[in-house]
Amino acid sequence: MSAMGAIGNIAFVMGLVQVSQRLGLDETPERIMYLRIAFGVAQAVVLLLLFGLKSKINAKNEKSPVTYTPSPSPGQATETKTVTTRDYDLIQQSASVKQHLISLALITVLHLYFGMVQPLFLQIFMPIKTLVTSPLFQIHYLAAFPTPSPFGVPQADPAADKQDVKKETKKTK
């Protein structure tokens, strides 16, 4: 789950919906044109960052083994796979690119064929937020190692906990 958590994601989306309603984005053709330009630029930035991520993964070329269980397809049994860290990261990067392109196609259809403007506005910000909060982006661009947490609750730093335990044991001696 992202660093913001589920409640933070909902608040982010609802805030964007409120902003889009207050801006009156579909009132004039000029605003729609600017919105389309911003949408195109945001999508291009996300794609560039995703392909830059691929080059960072290839440059790092980490060979340590990773064991994971891929999402099963309907009717197939689950099995664990062992691959290198580089291959696992490339699989995740490829899945992110596919997800982004499907979202891009869907939003384009919603806007061009059904005339919906609000999803176009939301998708200026959502892919960027999704990318920046993704573990791959945080590891390869920000050199941070996110730890997953149930329910999006931030976890305590294990290194700090160990230091606190050492301090407490010294005090009791």
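**Labels and their grounds**

Guide: Helix 3, residues 85–114, has 30 residues and spans 43 Å from its first C-alpha to its last, close to the 44 Å expected at 1.5 Å a residue. The model is a predicted one.

Visitor: What makes up the buried side of helix 3, and which elements does it pack against?

Guide: The buried residues of helix 3 are Thr85, Asp89, Leu90, Gln93, Val97, His100, Ile107 and His111. They pack against helix 2, strand 1 (65–68), strand 2 (81–84), helix 4 and helix 5. An α-helix has 3.6 residues a turn, so residues three or four places apart point the same way. Helix 3 is followed by Gly115, whose phi is positive, near 70°.

Visitor: Why is Ser20 called buried?

Guide: Ser20, which lies in helix 1 (residues 5–23), has a relative accessible area of 7%, and since buried means under 20%, Ser20 is therefore counted as buried. Its side chain reaches the backbone oxygen of Val17 at 2.8 Å, and a polar contact of 2.9 Å joins the side chains of Ser20 and Gln118. Leaving aside residues up to four places away in sequence, Ser20 touches Leu25, Gln118 and Phe121.

Visitor: And Ser134, why is that residue buried?

Guide: Ser134 has a relative accessible area of 19%, and because the limit for buried is under 20%, Ser134 is given that label. Ser134 is placed in the loop between helix 4 (118–132) and helix 5 (135–140), where a polar atom of the Ser134 side chain lies 2.8 Å from the backbone oxygen of Leu131.

Visitor: How do you know that Arg86 and Asp87 form a salt bridge?

Guide: The closest N and O atoms of Arg86 and Asp87 are 3.1 Å apart, and as the rule asks for a side-chain nitrogen of Lys or Arg within 4 Å of a carboxyl oxygen of Asp or Glu, the pair is therefore a salt bridge. By this rule the count comes to one salt bridge. Arg86 is partly exposed at a relative accessible area of 24%, and Asp87 is partly exposed at 32%.

Key. Residues are numbered from 1 along each chain as its sequence is written. This is a predicted model: local features need pLDDT of at least 70, side-chain atom pairs count only at pLDDT 80 or more; totals for chains, interfaces and linings use all residues. Side-chain values use heavy atoms; hydrogens and water are left out. Helices (H or I, at least four residues) and strands (E, at least two) are DSSP runs, numbered from the N terminus. Buried means under 20% relative accessible area, exposed over 50%, partly exposed in between (1.4 Å probe, protein chains only). A polar contact is a pair of N or O atoms within 3.5 Å; within protein, one must be able to donate a hydrogen and the other to accept it, and residues adjacent in sequence count only if both atoms are side-chain atoms. The expected span of a helix is 1.5 Å times one less than its number of residues. Contact means heavy atoms within 4.5 Å.
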